[in-house]
Amino acid sequence: MEQIFVDKMKSGAEELGISLSDIQSEQFYQYYKLLIQWNKVMNLTAITELEDVVSKHFIDSMALVKAVEVKEGCRLIDVGTGAGFPGIPLKILFPGLQVTLLDSLNKRINFLNTVTDQLGLSGTETIHGRAEDFGRNPKYREAFDLCVSRAVANTATLSEYCLPFVKQGGYFIPYKSGKIEQELEEGKKAVEVLGGEIEEVIRFMLAGADADRSLVKIIKKKKTPGRFPRKAGMPSKEPIKKQ
């Protein structure tokens, strides 16, 4: 392992109150190498510099610890996971976590399968498809303690993708950047209609990246009405809004 990688991961993790084992550090390094290798032949990320991958992908993903206590055996789904963020870093950090990675592009699923196999991340499931379809599937609907997403979509749209997966008493936590006050205000109605409530917004500066980040802590208060999520494409074309 490159020393700069080890040092950067250690200091970033320590800022979050996390101490990484040698095995976890090695898993993160293998993940980094696979990301760079696969990125040469398919578009996984625009962020490829070692220090940026550590801060903007790995440490950023792990920042979930600022919002919730992740319990052993907890079920987590990462919607629109892309190259595996934040789901895979969270699985490395909490090996007892049951993780489902959902993405609509099959080539990304192939990459994620390679990562989970090579890193030995048992208890990780990858699924290829759209959130609107799987959110209606009885196997996945309201089956998760936590739903996370770093996908770029407004709160109203993202909530319709994600809240149907969360069981009552569980949390949906989107990762956001920049100023989000207006977006959250506009998304409140959708969150409420889908059975959720914005409990808290955790704001912080991302270590080593000089970037404003927010974790929006949305608790699932009641079941999502059966008509949601609507058919594919509708949540983004016509987000639920205040009447």
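Modeller: At 10% relative accessibility, C74 counts as buried. Keep in mind that this is a predicted model.

Colleague: Why is C74 called buried?

Modeller: Buried means under 20% relative accessible area. C74 has 10%, so C74 counts as buried.

Colleague: How many disulfides does the rule give?

Modeller: The count is zero.

Colleague: What makes helix α7 largely enclosed?

Modeller: The helix spans residues 155-162, and eight of its eight residues are buried, so the rest of the structure largely encloses it. C162 is one of those buried residues, as are L158 and Y161. At the start of α7, a side-chain oxygen of N154 comes to within 3.1 Å of the backbone nitrogen of A156.

Colleague: Why is P174 called buried?

Modeller: Its relative accessibility is 1%, and the cut-off is under 20%, so P174 is buried. P174 sits in strand β5, residues 166-177. Leaving out residues up to four places away in sequence, P174 touches S149, L158, S214, L215, V216 and I218.

Colleague: Where is E49 relative to P174?

Modeller: The two are 125 residues apart along the chain, and their C-alpha atoms are separated by 25 Å.

Colleague: Is N39 buried or exposed?

Modeller: Buried. Its relative accessible area is 17%, and the cut-off is under 20%, so N39 passes. N39 is found in helix α2.

Colleague: Which residues have the most contacts inside the largest nonpolar core?

Modeller: M62, L64 and F111, in a core of 53 residues. Helix α2, residues 22-39, gives the largest share of this core, with seven residues. Apart from it lies another core, of 27 residues, including V166, I180, A190 and V216.

Colleague: What does L64 touch?

Modeller: Not counting residues up to four places away in sequence, L64 touches V70, L76, L90, L146, V148, I173, Y175 and L215.

Colleague: How many aromatic pairs are there?

Modeller: Twelve.

Colleague: Why is the pair of Y140 and F144 called stacked?

Modeller: Two values settle this. Ring centres must lie within 6.5 Å, and planes under 30 degrees apart count as stacked. Here the centres are 6.4 Å apart and the planes are at 5 degrees, so the pair is stacked. Both Y140 and F144 are buried.

Colleague: Which residues do ring pairs link into a cluster?

Modeller: F5, F28, Y29, Y31, Y32, F58 and F85.

Colleague: What makes R75 a charge over the ring of F144?

Modeller: The distance to the ring centre must be within 6 Å, and the charge must be within 35 degrees of the ring normal. The charged end of R75 sits over the ring of F144, 4.5 Å from its centre. Likewise, K217 lies over the face of Y171, at 5.0 Å from the ring centre.

Terms used: Residues numbered from 1 in each chain as written. Predicted model: local features only at pLDDT ≥ 70, side-chain atom pairs only at ≥ 80, totals over all residues. Heavy atoms only, no water. Buried < 20%, exposed > 50% of the residue type's maximum accessible area, 1.4 Å probe, protein only. Helix = DSSP H or I, 4+ residues; strand = E, 2+ residues; numbered from the N terminus. Polar contact = N/O pair within 3.5 Å; in protein donor to acceptor, adjacent residues only side chain to side chain. Disulfide = S-S within 2.5 Å. Core = buried A, V, L, I, M, F, W, Y, C linked by side-chain atoms within 4.5 Å. Contact = heavy atoms within 4.5 Å. Phe/Tyr/Trp six-rings, centres within 6.5 Å; stacked < 30°, edge-to-face > 60°.
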